[in-house]
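Please look over the structure shown here before reading on.

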Amino acid sequence: MADVVQYRLERMLDELEDLEKRGLFSRPEIAEIVNKRRKFEYKLKRPSPLKQDFLTYIDYEKQLDSLRRLRKKLVSEDLKEQGIKKRKRKSSSDIAGVLRILGIFRLAVTRFKGDIHLWFRYLEFCRERGHGRMKKILPQVLRFHPKVPGVWIYAASWEFDHNLNVAAARALMQNGLRACPESEDLWVEYLRMELTYLNKLKARKTALGEDTGTLARKEGDVDEKQWRDENKDLFMSLDGEKEGVDGTDVQEGESENKKDTFREQGSVILQTIYSGAIEALPTSMSLRKRFLEVLDGIDLAHSEELRKEMMDGMKRDFAKKAEYWDWLARLQIGDLEKTKDMRKKDMLVRLNKAVDVYEEALESMPSTEMFSFYTNFWKDVIAPKGEDSQVFEPTDVSDKTVEFTSRLFKVFEKAESMGCITEDLAYHHISLYLELGRFEEARNLAEKFSNGKLSCSVKVWVLRVSIEMKWTTRESASLSKDDLRSVFELLQNVLSKVAISEAESLWHMAIKFFSSQPKYFKKLVETFLAFLTKENEGNVPLSSAIVHHVLQKDGLQRAREVYKRFLASPHPSLALYKSCIELESNLAFVGDKNALSNARKLYESALTTYNEDTGLWRDYYSMEIKMGSSETVNAVYWRAKKILKDTTELLAPQNL
């Protein structure tokens, strides 16, 4: 291994001498470079080098080459100021850095052939440096990763944009579609490439004065025509025909013919590729939506007929999917963020069209998913995404809120009447009342849902309990006995049905609400303890919250009694032990006499069950170092060493 490394270093001799001769690096810097490269080379020659070893070496060489180019530029500027002409011929040091990086990449991909990200980094480096090795690497990547659509797209893009070889790019795309017929990206990019090529041909005709416009639909088309009219003297027909005053060819029919030819060809291309894509991916709705986006962005012959054909096909194949109807409805109104400048009348027309689509969908396939899409649509209309985006002008905000929220309420009511109400729909229905300040209606609706079809819904119960708590304190902070009793009975009713893990937020809410009511707080703790006896593991955050509230209200002794009862439950978790230990450790730091003893007892109790936990031993050992004596520290250390044979370094004794 040493001989190979030495041989590779010796091959760098000419490059290093050239760097020193040209004044780009000093001798100490070159010595440091050699030292660094030697270390990297030894890492690569290990029996099993890591991918990171190659990447680190590559990053170092990139930085070194960037520094070389920067210093070369500074030296050239100095020579220019002195009137000395710089030589144009490249020296060995100018190309050695890139060749070395390419060599490291080659070694890396040879060892990690299956790492597609590494291949792409290799390709990107060649593309950035314009190196000819790209044409050798691309076939290798395609051979090793024929099922990766991105590789075919990358290769075709390079042929199309860099080599200007449309035939090769087309062949790559077609081969890619044979290898990955189910790739949406490949189908869409193939279509874009063909239309882009057609648009380039048309643009070239336009530049030569033989045609007008492009296939792309742009808002600047009018400005372009105006510019051409103002600069008509710059354009001259190649066949010697005279132009009219408006800058158009006298033979308007022929010009129109040429224009239609490109539009017709584009239409045929789109139709052909679309048919192949649908045959390969008949169940993909997203693919058809992407084809529609391409069609909307380009000016083709019979585009309206093509669009209608695509829309009819989507309705035929996806009419049973709620996602299709939601997309179709939102298509009627467009992007809500871009409609703030639209007139109110026009906006209402679009909204009504979208509503008609949703209503049609509900007639043919009423479902909870469809209602979910419908309600989300109205919520987006009322409050579009984005800070400043609004459907109407600021003066219409209040009218919009009243009008559209009433229609949203009707959707919620319709979902309930058709038996399609879900936990989420009910939750949003109640929340909408709360947002509008209609507190009593929200309370009645929450009671109706929790006592009806959604009696097992934790989200609805949490919302109802929070509403009841706010309702009882709406007039004064002091609560009557009847109010307290009704809220507690409501809590007990739901907490007895739902596991702690599912209703954790409700438990925290109850603890906070009844923390100042000793009678009910005690009952709440008893209920929690009853749950701990049933469940395998207690809820640690909830247990800690209870102990914390007890500590604040009833003092330290009572808090210790409570956490001992928690630990007496079947199978207390290690996290629960650590929470109790943390409490006692903190008390020991502030001078509590019994805290250290209690912490040790807790550690010993925890170690009876979790004696192989390294972290527990480490914490115990650390506590003894800080607060114990040399005897207790050594006792913990030797016990841990006996049990944890592989972690003795972690628990090495310290000088006391």
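What follows describes a cavity and then a helix pair.

This is a predicted model, in which local features need pLDDT of at least 70 and side-chain atom pairs count only at pLDDT 80 or more, while totals for chains, interfaces and linings use all residues. Residues are numbered from 1 along each chain as its sequence is written, and side-chain values use heavy atoms, with hydrogens and water left out.

**The cavity**

- A cavity is a set of points on a 1 Å grid over the protein atoms alone where a 1.4 Å probe fits but cannot get out, and the count comes to 1 cavity of 30 Å³ or more.
- The largest cavity has a volume of about 70 Å³, a volume being the space filled by probe spheres set on the points.
- Its lining residues, which have an atom within 4 Å of a point, are Glu15, Leu19, Phe25, Arg37, Glu61, Leu64, Asp65, Arg68, Ser93 and Gly97.
- Helices, which are DSSP runs (H or I) of at least four residues numbered from the N terminus, contribute to this lining, with H2 (13-21), H4 (51-81) and H5 (92-111) each supplying at least two residues, and H4 giving the most, with 4 residues.
- By class, the lining has 3 nonpolar, 2 polar and 5 charged residues, where Gly counts among the polar ones.

**The helix pair**

- Helix H29 (residues 614-627) and helix H30 (residues 630-643) pack at an angle of about 165°, with their axes 8 Å apart, the angle running from 0 to 180 degrees between N-to-C directions.
- H29 and H30 are therefore roughly antiparallel to each other, a term for angles over 145 degrees.
- In H29, Trp617, Tyr620, Tyr621, Glu624 and Ile625 meet residues of H30 that include Val633, Tyr637 and Arg639, contact meaning heavy atoms within 4.5 Å.
- By class, this contact of H29 with H30 has 9 nonpolar, 1 polar and 2 charged residues.

Conventions. On a 1 Å grid over the protein atoms alone, a cavity is a set of points where a 1.4 Å probe fits but cannot get out, and a pocket is an open set with protein on both sides within 12 Å along at least five of seven lines; lining residues have an atom within 4 Å of a point. Angles under 35 degrees count as roughly parallel, over 145 as roughly antiparallel, 65 to 115 as roughly perpendicular and the rest as oblique.
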